[in-house]
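Q: Please walk me through this structure. I would like to learn how to read its features.

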Amino acid sequence: MSRAIAVIGAGPSGFYAVDGLMRALPDVRIDIIDRLPCPYGLVRYGVAPDHQGTKGVQRQFERLLARPGVRFLGNIEVGRDVTIAELAALYDALIIATGCSRDRRLGIPGEELKGVVGSGAFVGWYNGHPDFAELDPLRPDMRHVAVIGAGNVAIDVARVLAKTADEMAKSDIAPQAASAIAQLDIAEIAIVARRGPADANFTGNELAELGRLAAFRPAVDGDVVAEAAPPDSDPAPERMRKNRNLEILRTFVTADGTHRTRILRFAFWHTPMALHGEEGHVQALELADTRHPDRHWRIPTDLVVTCIGYDPAPPPGLPLEGGRIAHDEGRVRGMPGAYVVGWAKRGPTGVIPTNRVDAMALVKTVVADLAEAPASGKPGPAGLDNMLAGRGLKPLHTAAWQCIETAENAAGQAQGRPRVKLATWEALIDGSQRSGA
Ligand SMILES: Cc1cc2nc3c(=O)[nH]c(=O)nc-3n(C[C@H](O)[C@H](O)[C@H](O)COP(=O)(O)OP(=O)(O)OC[C@H]3O[C@@H](n4cnc5c(N)ncnc54)[C@H](O)[C@@H]3O)c2cc1C
């Protein structure tokens with residue numbers, strides 16, 4: 001009897017697990033369940049809207065959705081619509097691939113002020129994630145922005161705010177974000193990093209792109225980058241990446257400002273201490289010199305976007321350890337037949353291909369465990385269909401998602417963009433039913 005597996009989460013780690021399972025167990029039946037009407041997780045809602053090349057991986061995942069035995073069940077939230085225990089009773093194996101969606105907090109006074117936003121929410125907003133359609137994080141009169149963090153997400157946020165409407169013309173930025181950003185008149189964006197330039201997690205291509213912006217000139221203190229160097233103890237590839245970053249940052253010291261009067265400033269060795277505001281809205285960021293913590297000062301800021309990582313928000317019913325799903329090499333502890341993969345397992349580190357390596361290793365474990373387990377006769381997809389129907393719930397399958405995609409692509413074509421996203425729950429549900437769903 002063929003095995004039935006539920007993959008919870010339709011992001012890269014879930015899809016790479018599906019890919020591995022299809023190769024290893026050709027007649028397996030797989031249900032991919034996601035709380036959103038759309039698949040692809042952070043490829044759709046995290047990766048920057050002006051980096052369409054990176055989103056190309058979606059085509060590979062799309063082919064998996066077309067494979068016999070694979071179903072997508074969108075708009076079904078595990079924990080709300082169906083529990084982990086119920087799924088465990090229906091499927092031979094569960095793979096939890098729910099990512100890390102909760103913004104980490106700075107833990108400093110003033111964080112509750114308006115105008116202080118986590119990158120999960122901010123990036124979700126500009127990428128048209130329906131949970132953040134109402135965020136409205138910008139004010140047309142804002143002049144100063146602080147982006148806190150020293151990784152590529154900080155660079156993405158700074159760049160999306162800095163690019164002109166022309167520079168974003170071929171992107172799939174959410175329409176409401178595009179028009180709000182186009183109205184801004186920002187004088188300075190500061191990327192604030194606790195540590196030095198040799199410690200930053202940027203990658204070279206993303207950093208170098210900041211040197212080619214039309215309206216913003218990158219700036220960094222020459223003294224701070226002149227002597228910086230990665231430690232000899234770093235492995236060679238890390239040293240290479242850091243040295244490339246340093247080379248690029250040194251070109252920013254003398255970057256041409258003739259036509260670019262707006263500034264994108266790197267503030268290394270600055271520790272955020274507090275946020276100050278008036279009438280409930282942030283107005284200044286208090287910083288300390290990381291190397292001389294008694295030296296404090298304030299910079300004006302109308303918007304603070306924190307890009308300091310994420311914590312998982314796994315469905316209830318799983319054992320936790322330090323906020324993460326407790327597991328041993330991907331096997332959820334104390335729950336035979338349940339597994340975890342991707343950001344839900346490793347935390348928010350690694351690029352899209354990292355999840356492939358992770359998923360392939362997990363698939364080996366799952367396949368080995370299933371080979372040892374007797375046929376269970378669990379009902380799998382038919383059992384889930386019955387359960388959801390009994391609750392009056394109608395999952396949005398691949399055909400429904402394709403209706404959304406067709407509508408988005410058609411709107412994009414009319415504007416010369418890859419797509420114009422449907423960016424609210426209502427628009428997505430409506431779009432999913434417009435034809436043939
Ligand atoms: C802002 C940002 C930009 C990035 N840019 C790049 C980039 O340019 N290049 C690159 O290689 N990597 C990039 N990454 C990293 C990349 O996105 C991750 O490595 C990858 O998405 C992690 O995959 P995942 O499947 O583990 O999680 P996710 O992609 O987060 O997918 C998790 C899925 O689970 C679903 N889910 C969550 N809870 C439930 C539930 N209870 N029930 C049902 N479904 C649920 C979610 O809706 C989501 O679809 C970026 C990350 C971020 C945050």
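A: Helix H1 gives the largest share of the shell around the ligand, three residues. Helices here are DSSP runs (H or I, at least four residues), numbered from the N terminus. The model is predicted: local features need pLDDT of at least 70, side-chain atom pairs count only at pLDDT 80 or more, and totals for chains, interfaces and linings use all residues. Residues are numbered from 1 along each chain as its sequence is written.

Q: Which residues come nearest to the ligand?

A: A residue is near a molecule if its C-beta atom, placed from the backbone, lies within 6 Å of it. Of 34 residues around the ligand, Gly9, Gly11, Gly41, Gly99 and Gly342 come nearest.

Q: Where does the shell around the ligand lie relative to domain 1 and domain 2?

A: Domain bounds come from an automatic or database domain assignment. Domain 1 covers 4-101 + 312-395, and domain 2 covers 103-310. Both domains give residues to the shell around the ligand, so it lies between them. Their centres, taken over C-alpha atoms, are separated by 33 Å.

Q: Which residues of the largest nonpolar core touch the most other members?

A: Nonpolar side chains tend to be buried together in soluble globular proteins. A nonpolar core joins buried Ala, Val, Leu, Ile, Met, Phe, Trp, Tyr and Cys residues through C-beta atoms within 7 Å. Buried means 20 or more other C-beta atoms within 10 Å of a residue's own, all placed from the backbone. Of the 119 residues in the largest nonpolar core, Ala17, Leu94, Ile95, Ile96, Val147, Val157 and Tyr339 touch the most other members. Helix H7 supplies the largest share of this core, eight residues.

Note on methods:
Helix = DSSP H or I, 4+ residues; strand = E, 2+ residues; numbered from the N terminus. Buried ≥ 20, exposed ≤ 12 C-beta atoms within 10 Å, placed from the backbone.
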